[in-house]
Amino acid sequence: MPTSGVSGGVIRMFYNMFSAPPWFLAITALLLLPTTIAFNAPPDVPTWCGKPYMSTNHSLDPGGQFQFPSHSPEPLLHLTVQPRYTIFLGNDGAGEFIVSAEVGHFFGEALRGAGYRNNGNGSGSEELEIKIHSTETATILVSSTIKLNATRTLLTFPLSVLSARLTPYPITVTGTLPSTGQVFMSLALSDLYILPHRTHGSAVKIDNLHGALLTQSPSNNYSGWTSLFPVAPYADGGAVTPSNLALTGLQTYKSLGYNAINIVPDGGLPDQSYPVESLRTYWNEMDRLGLWNIYDMRFAFQNSTRIEEQVRRWKDRETLLMWYTADEPDGWGYALNSTKLAYRQLRELDPYHPVSLVLNCQNFYYEEYTSGADIVLVDPYPISINATFSIPWHTPCNSTYGDCGCDNCIGSLSDVSSRLDNVLSYQAAIPNQGSKPTWSVLQAFGNQDYWPGLPMREEVENMMMLSINHGAKGLSYWIYPSTKEVNEGAGALGKVLQERDAMEFLFGTELIKNLVVEGGSVDVSAWVIETAAKGREMMVGIANGAYSDSNSTVSVQLPEVAGAVSVDKVLYGSVDWKVDGGKLVKVGLKGLEVGLVVLKLSP
């Protein structure tokens with residue numbers, strides 16, 4: 001999100017300079033220095049996502065495309081371990097590791113033995129002897145066995161065997177195959193943090209198994225952890241933190257249903273941040289409201305002095321959710337190590353909170369920029385764009401040239417789900433890094449530059465549903481306030497996603513995407529869980545891609561694991577969905593209709 005309150009990149013900012021305040025012009029001038037130039041382009045060629053966009057320049061390969069691993073003809077064992085959570089606290093009691101021993105052809109060490117060479121995975125019952133230990137202290141934390149080819153197995157250990165401290169413990173895992181005596185060893189995908197428990201401020205951790213965000217603060221008396229599905233628009237400071245210290249803007253924002261906020265900072269201040277005393281007043285109100293703050297340092301994150309000043313000032317606030325560093329670094333072409341440098345400093349200064357950033361490009365140095373984040377946001381803005389010809393620059397847009405406001409998009413709501421799919425595929429293909437939650441930033445603005453139209457409430461709700469259907473673990477939009485209809489619609493659906501009935505699915509199991517649908521252009525995903533209280537249940541997310549109403553019968557083929565019996569409850573949308581012969585059925589859909597339906601499954 002750029003600094004002026006309009007969205008996009010260098011050129012989007014330039015295009016609006018005529019109505020911008022003086023501080024914005026100064027910051028824009030700084031951002032147009034050579035550090036913004038993409039890496040394959042000559043120094044005098046302005047780019048976005050590495051691609052020239054002006055008619056006076058020619059197309060070029062921007063570089064930076066993600067490189068997927070090559071296929072090995074021999075079967076490989078990929079042994080990995082990762083702490084279940086990004087942080088543990090010393091009083092949590094027990095810790096968990098996520099251990100996988102996948103046999104495949106892309107990552108890991110070659111398996112010895114004719115059986116593996118012949119069929120790829122040896123005996124289906126063969127076990128791997130596992131030892132997990134602290135590299136620093138040599139303390140064995142786990143000694144166990146898992147099945148060969150097992151994935152995401154949870155192994156527990158007592159936290160008391162290591163002292164709580166602010167620095168992490170490197171972790172090593174070894175696995176031995178008894179049949180061959182072959183030993184496999186690897187470092188953990190991420191270090192183990194066991195931090196001193198908190199008595200002030202907040203602590204926020206990520207569940208590396210399912211991507212959930214969990215918090216501890218005065219609101220739960222520092223006892224246990226509370227799950228949070230963030231619905232957190234970027235907000236115009238003039239609307240929520242005005243200079244007259246009126247609190248009604250924040251109160252209105254919270255009342256709409258949002259549980260977190262990113263207040264866009266003022267890049268014109270000396271520290272390119274927020275007026276300190278003013279923010280202190282407003283943050284007191286956020287504490288009172290229970291509104292989590294995503295502290296935005298988009299202008300300061302490349303300055304280590306400013307990072308230290310701002311972190312030391314705010315790190316002990318009780319509603320600090322996370323730090324936000326780079327805003328579209330791939331578009332601006334920031335130094336590839338800039339996000340990682342900021343990340344390392346932030347983790348040293350404050351290990352209690354995760355670090356996030358947003359990417360704008362579809363495929364431009366993903367691995368390098370996201371190495372500086374625990375949470376990755378993506379912000380494709382497809383509504384009302386011309387996807388093939390740039391409205392402000394009168395040039396074509398393709399993979400090597402042009403800027404149409406949504407990088408490599410087709411101008412459809414499905415650009416949102418496609419971008420999430422892209423990012424999740426990149427992340428899964430980075431060796432020795434592990435998973436990272438992805439959040440979706442939705443378009444809630446228009447009537448400018450590349451976007452001549454304003455999104456409707458139905459479009460924003462549809463993008464929200466597409467996002468969770470494709471793995472988003474948090475939602476945002478640019479920018480609040482939007483229209484009254486969008487503000488209210490996004491807040492209403494957001495409230496549902498924050499409730500336990502939805503979160504236990506979103507944060508409790510793996511997503512089943514792209515269910516087969518007959519009778520319409522509908523995106524459908526499902527989540528299946530089992531609890532002692534309710535037995536087996538399935539939540540189904542539905543997003544109709546058609547803008548016009550239809551009277552056709554729509555049927556969704558439910559996953560084979562389902563055994564659906566009946567509709568148990570409707571969390572959002574129409575109550576007319578029925579279960580019939582292993583399918584979820586409804587007669588007629590409204591244009592862009594969305595729904596969240598919970599089904600009762602057979603035991």
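Strand E31 (594-601) is mostly covered in this predicted model, with seven of its eight residues buried; buried denotes under 20% relative accessible area, exposed over 50%, and partly exposed the range in between, computed with a 1.4 Å probe on protein chains only. Helices (H or I, at least four residues) and strands (E, at least two) are DSSP runs numbered from the N terminus. Because the model is predicted, local features need pLDDT of at least 70 and side-chain atom pairs count only at pLDDT 80 or more, whereas totals for chains, interfaces and linings use all residues. Residues are numbered from 1 along each chain as its sequence is written, and side-chain values use heavy atoms, with hydrogens and water left out.

E31 belongs to an open sheet of four strands in the order E25-E26-E31-E28, with antiparallel pairing. Two strands are taken to pair if DSSP finds at least two bridges between them. Strand E25 (522-531) and E28 form the edges, each pairing on one side only. On average, neighbouring strands of this sheet are turned by 25 degrees against each other, direction ignored. Axes are lines fitted to C-alpha atoms, for helices over the stretch in contact, and angles run from 0 to 180 degrees between N-to-C directions.

E31 is joined to E26 by seven bridges, the two strands running antiparallel. Methionine 538 stands opposite leucine 599 of E31. The pairing of E28 with E31 is also antiparallel and extends over six bridges. Valine 570 lies opposite valine 597 in E31, and lysine 569 has valine 598 of E31 as its bridge partner.

H12 touches E25, strand E26 (535-544), E28 and E31, and its direction makes about 135 degrees with that of E26. H13 touches E28 and E31, and its direction makes about 135 degrees with that of E28. Contact here means heavy atoms within 4.5 Å.

Helix H13 comprises 15 residues (484-498), which at 1.5 Å a residue should span 21 Å; its end C-alpha atoms are 21 Å apart, in agreement with that value. The expected span is 1.5 Å times one less than the number of residues. The buried residues of H13 are Val486, Asn487, Gly489, Ala490, Gly491, Leu493, Gly494, Val496 and Leu497. Their cover includes helix H12 (457-469), strand E23 (475-478), helix H14 (500-506), strand E28 (564-572) and strand E31 (594-601). Lysine 484 is also found in H13, but counts as exposed, at 54% relative accessibility. The C-alpha atoms of lysine 484 and arginine 457 are 8.9 Å apart in space, with the two residues 27 apart in sequence.

The structure holds 22 salt bridges, a salt bridge being a side-chain nitrogen of Lys or Arg within 4 Å of a carboxyl oxygen of Asp or Glu. One of these involves aspartate 501 and lysine 569, whose closest N and O atoms are 3.4 Å apart. The pair links distant parts of the chain, with aspartate 501 in helix H14 and lysine 569 in strand E28, 68 residues apart. Both residues are partly exposed: aspartate 501 has a relative accessibility of 26%, and lysine 569 one of 28%. Salt bridges that share partners join Asp501, Glu504, Lys534 and Lys569 into one network.

A salt bridge also connects the side chains of arginine 198 and aspartate 316, at 2.8 Å from N to O. Arginine 198 lies in the loop between strand E12 (194-195) and strand E13 (203-206), and aspartate 316 in the loop between helix H7 (304-314) and strand E19 (320-327); the pair, 118 residues apart, links distant parts of the chain. Arginine 198 is buried, with a relative accessible area of 7%, whereas aspartate 316 is partly exposed at 33%.

Within helix H7, glutamate 308 and arginine 312 are four residues apart and therefore separated by about one helical turn. These two residues form a salt bridge in which the closest N and O atoms are 2.9 Å apart. Glutamate 308 counts as partly exposed, at 34% relative accessibility, and arginine 312 is partly exposed, with a relative accessible area of 48%.
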